[in-house]
Amino acid sequence: MSSIGDQIRARLPYQRRNAASLVLIAFAMVLTLSAFAEVGLARDGSIPAGMFGYGGGLAVLAVAAYFVQMKFAPYADPLLLPLAIALNGIGFAMIYRLDLETSADWKQAALNGKVLTDAANAQDQLIWTFVGIALFVAALLIMRDTDKSDAPLSFTPKTAQRYTYLIGLGAIIMLLLPIVPGLGNTVNGARVWIQIPGVGGLQPAEFAKLMMVAFFAGYLVNKRQAMSLIGKKVGPFSFPRLRDLGPVLVIWFFCLGVLFVQKDLGTALLFFGLFVSMLYIATQRLSWIMIGLGLLAVGVFVAMQLPFMGHVDQRISIWQNPEPYFDGGCLMENGKVVPVNPNTEIYQKFEAAGANPPGLAACNELGGAFSDSRQLMMGLFSLGEGGVLGTGLGQGEPWRTPLAFSDFIFTSIGEELGLTGLMALLLIYALIVQRGMKTAVAARDSYLKLFAGGVSFVLALQVFVIIGGVTKLIPLTGLTTPFMSQGGSSMMANWILIAILVRMSHDARKPAPQAIQDEGMTQIVSTR
Amino acid sequence: MNMDKPIRRVAIFALLLIFGLMAQVNYVQGSQAEDLRTNASNPRLYSDIFKEPRGQISAGGEVLVSSKEIDEEEYGRVYKDGAVFSPVTGYFQGGATQVERAYSGLLSGDDTRIKNQRWFDTFIGKSAEGADLELSIDPKAQRTAYEQLKQATAPGRRGGAVVMDVETGALKVAASWPSVDPNEFANDPRADKSSKRLEQLNKGDGVQKPLIDNALSQTFPPGSSFKILMAALGLQEGMDASTPVDTSDLVLPESNIPLPDSHEHGACGGRAPLRAAFIESCNSSFGRMAMELTIQKMHDGGEKFGFGDRVEIEPNFFAAQSAIPVEVTTADGQTIKTGQDATARSGIGQENVRSTPLQMAMVAAAVANDGTIMKPYVVEKALAQDQSEVYGADPQEYGKAMSEGDAKALQDWMRGVVTEGTAGNLRGMNIAGKTGTAEQGEGIPNARWFVGFSPMDDPKYAFAVMTEGAGAGATGAGPVAGAIMRQVLK
C-alpha cells in the first residue's frame, strides 16, 4: 500500500486554484471591512474614516500579496493566504476599535509630555501589517526559483538544509539577544524584548521560532535513522541510546535556560513542545514523547522549587484559583492566599509609606510571594460579558482588560463577537494548521516534510499556549496571538511562516517536471 | 522510512489542542458567563449603571435629585441642597445609601414593578426608564432644621433632628449636622477625585463622620428625654400623676456616689408627685424607679418603642439600633452586666442607653398618637415616566407602646414641661415635650435633647432634636425644635 503522501499526491489535481483564492481573499476583505464599518456604526452611527484608511490599506496589501502568489506560486494552497488575511483583518479591526477608545488617553498623555506605551495603536498596526505582507511578498520572490537551487538570490526552504547548524546558532543568538545589557528590555516581567534605535522594540523569539524549526528539521533529518532504529525495547516502547539522548538534553537545558534567565515560560514551552513533536515526526518513536513529557515535568518541578522562580508556582496557583489574587494576592507558605488589595490595612500602610508597588511590599512583609490575577480575571470577565453572541463590535468594554490589544486580544474579540466569533477564529487557526500539515504530507522531501510539519505545529502550539492561557485552560504565559496581537515581530515572523508554507505547498502541488520527449522512454515516476 | 503517519498523528494532536481551546471557550462563555458577569470584582457591574439616567427624587414639589449627562452616554447624579437632604436621599455613585439604595431598582428601571408594566419595551430591547420618587419630607422644614442644627451645635460636634407625622409615620424632617453634599463625589462618579473625596469623607474628622447622618444612623445618650419612656413604664406598673415619689438625694448603692438632681428646690426638694418629678426632671426619683423596675423590664419595655430594633424605614434602609442594654461587651471581649448603679443611671438615659433621634421621635410619637407608633417611612410614592403610580406608601402600625389613657396623661405632663417645668423658655412655640441633657464624659460637650410633639393641644407631629454643646436641652435643643415645628405647621 502506498503511503498517505502518495495517495494525496495521486489525487492532487495539479490545478491552479487562484480563482478560489481570490474569492476567499475577497471574502476575508468583506469580513474585515464590515468589522471596521460595524465599529464606526456602533460607536458613532457613521462609517468610520478608519474603514477606508486602515481597512482599505489592508485590502490593497491583500490584493498585492495575491498577485505575487498567483504569479510566483500559482499552485500554492488557495486557503493559506486568505485565512491569514482574515485573521489579520479581524485583529486589525479590533485594534482600531480599541485605539478609538484609548486615543483620548493618547492625546491627554501627549499633552502632559508622557509617552503612553500601553495603548492600542491602529496606525502602527497598519505599518506592521504592511511590513508583514511585504515580507511575505519578498519571501515568495526570493524563494521563487525552487527548481534551480543555485539561482542567484534564491534561498528556498530546501537550501536551509545546507546551513542547518548556522541557522541553529542564529536562533540561539536571537534568543539570547534580550539578555545583552543595553539591548535587552524587560517588559511585564519577561526579558524578551530588544530595543533597536529607530525601529523600536522587537521580540527576537518570534524569529528564532522559525529558525529553530529549520534547525530541528535539518538536524533530525540527518540523525533520524540512528535515533529511530537503535535502542532497547522495553515493553511496547523502544528507548534510544544514551548518546542519542544527548542533543535532547541539550535542548531541554536550553529551554530551561530561557525559562530561568528570561522568565519566559511561554517561549520555553513552545520550543520544547516543538522539538519533541518534530522528534516524534522524524523517528515515529512514542518513547520520545514519554521522555519529553518526563523532562517537561522535571523542568516544571525544578522551576517550582527554585526560590527565585517563585512566579511559576504562583502562576499555577493563580491558574487553579485566580479570584483571591484579584488586585493582588499573597501566597503564603501553607498555600493560603492573603489578599493585599487596596482595601486591606497592610496595603494602606505601605501605600501611606510610599512603597512602590505597595502590594508587593505588603506581601514581602507578610513573608509570602505576591502576584496579581487582575489581567486574567478581567479577560475572563470579558469572555463572560460576550456570552454566546457577543455584545457586537464597538459595543462591549474590552478595553478594561490590560493589554486588551495584544496578549488579550482573543478575549477582546470574545467579548464583542462572542462564542460564535471565537469558534470561527479557532476554526481559521485549525484550518491553517491542517493546511500546513497537508503540505507536509504532500511534500516530496523528508527535510521539507519535517520543516512544514514543524512550522504548522509551532503555530498550533503557540495558539494553544496563549489562548489556553487567557481562557484559563492552562496557566497564563505571555505569547502573541498569531496575526492578531498588536506588534511588529509577531506579524513579520508569522507572515514569513505563511510564505514558507505557501512556497512549500506550491512545490508539493505543482506538476512533476515534464519528461523531455527527446530522451525516448525515460519517464520520471516520482521525485522521491 | 516514511514520515506521513507521524505527521498525520501530530496533525490530529494539533487539532485536539484547538478542540481543547474550543471546549474551554464554550465552557467559559456558555456555562460560566453568568457567574463571571455577576462576579463582585467585575467592574462592568458598576459601569452599566451609569449608562442610563436614574429617576428623580423630589419632595414637596421640589426636585431634589436628578441625573445629568456627564459625557457620552454617562450620567452622574446632581443633588439640590445636597448637604440638607442627603440624610434622607443618600447618594449614588455606584454604591448607594438611604433612599437611593432602597429604591435603586425603581430609580434605575431594573425593578420588575417597572419592567412588568413596560413589557413591550423589554420585548423590543429597550431598557425600562427609571421611576421618579416623591418623598414625605417637607423641604422647607428640612432646610430650617439644617440651618438651626448648624447654629446650635458646638464646633466639631454633631446634631440631628427628626419630625414624624404621628398618624402615618411619614418623616417630615430628618436632618443632620454635619452633613455631606453628594455633589462632591456623585456628579462624576468615575472621576478619580470623586473616589478620593469619598474616601476622605469616610475617614471623617474627630467624631464627625459626615457620611453617617446623625438623625437616623447615629446613637447618642438620650439623657432625661428618656424619662418619657420611664414614665410610660411607670404608668404601666400602676403609678399615676399623683403617685408620690422620693426626690431626695440618691446615693448609688454600689459605689456610694450620689446621683444628683439638676436642682434641689421645687419638686426635686425631697418628695413630689410623679408628674411634678417628671416636669422638673428629678434624676433621683427616676433612678430609684429604674432600680425598682429592674434593667430587664426597662429593656423589654423599650422594645415596644423600637429599642433593640434596626428600624426599617424603607427596604434596605435601616436606622441604627437604639439600645437599653442589660449587659455590654467591652472591647477586650468581657461581658459586663448592668448593675444597680448602672441601672439607676440608665433610668435617666445615661450609662449605656443609646438612642437615635428617630427612636426618641418614635417614643414621642407613641405619646402623641395615643399609644400607637406608626412605622416610619420616607417615600410617599414612585411614578413611572408615564406618571402611573408603581409604588405608594401604605402606612402601617409599628406597635402599640402604651395605653391610650397613659398616653393622654403623658401628653399632659409634656405640656407641663413647657408651661411649668424645665422648658419655660419654649412657651408660645406651640410645642410640648421633654428636655434632656446627657453628659458624655469629661471634656466632651453634652448631648442636648428636646423630644416632644406639636401642636401642643392636638398632637400631629412628633419630633426629636439633639445637638451637642455646653448647657442644657431646653436652651440647646428646644428653640431648634420650636423653629422647625413652626415651619412644619405653616
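This tour goes through the model stop by stop, saying what to select and what is found there.

The model is predicted, so that local features need pLDDT of at least 70 and side-chain atom pairs count only at pLDDT 80 or more, while totals for chains, interfaces and linings use all residues. Residues are numbered from 1 along each chain as its sequence is written, chains are lettered from A and ligands numbered from 1 in the order in which they are written, and side-chain values use heavy atoms, with hydrogens and water left out.

**Chain A**

Select chain A, which has 17 helices and eight strands; helices (H or I, at least four residues) and strands (E, at least two) are DSSP runs, numbered from the N terminus. Of its 528 residues, 55% count as buried, where buried means under 20% relative accessible area, exposed over 50% and partly exposed in between, with a 1.4 Å probe and protein chains only.

Next, select A:N121, in the loop between α4 (80-111) and α5 (122-142) of chain A, which counts as buried because its relative accessibility is 15%. A polar atom of the A:N121 side chain lies 3.1 Å from the backbone nitrogen of A:Q123, and the side chain of A:N121 also reaches the backbone nitrogen of A:D124 at 3.2 Å.

**Between the chains**

Select helix α15 (residues 409-442) of chain A together with helix α1 (residues 4-31) of chain B, which pack at an angle of about 175 degrees with their axes 10 Å apart. The axes are lines fitted to C-alpha atoms, for helices over the stretch in contact, and angles run from 0 to 180 degrees between N-to-C directions. That angle makes α15(A) roughly antiparallel to α1(B), given that angles under 35 degrees count as roughly parallel, over 145 as roughly antiparallel, 65 to 115 as roughly perpendicular and the rest as oblique.

**The sheet of chain B**

Move to chain B, where five strands form an open antiparallel sheet in the order β8-β7-β23-β22-β21; two strands pair if DSSP finds at least two bridges between them. At the edges stand β8 (171-177) and β21 (432-438) of chain B, each with a single partner strand, so one side of each has no neighbour in the sheet. From one strand to the next, the twist averages 5 degrees.

Now select β22 (446-454) of chain B, where nine of its nine residues are buried. In a regular strand the side chains alternate between the two faces of the sheet. Here B:N446, B:R448, B:F450, B:G452 and B:S454 point one way, and B:A447, B:W449, B:V451 and B:F453 the other. Seven bridges pair β22(B) with β21(B), and B:V451 is the bridge partner of B:K434. On β23 (residues 461-469) of chain B, nine bridges join to β22(B), B:F463 is the partner of B:G452, and the two strands form a hairpin with six residues between them.

**Two buried residues of chain B**

Select B:A319, in the loop between β14 (317-318) and β15 (327-329) of chain B, which is buried with a relative accessible area of 2%. Leaving aside neighbours within four places in sequence, B:A319 is in contact with B:L216, B:R310, B:V311, B:I313 and B:L358, contact meaning heavy atoms within 4.5 Å.

Finish at B:Q93 in strand β4 (residues 92-93) of chain B, buried with a relative accessible area of 18%. Not counting residues up to four places away in sequence, B:Q93 touches B:F50, B:F185, B:A186, B:P189 and B:L198.

Technical notes: A polar contact is a pair of N or O atoms within 3.5 Å; within protein, one must be able to donate a hydrogen and the other to accept it, and residues adjacent in sequence count only if both atoms are side-chain atoms.
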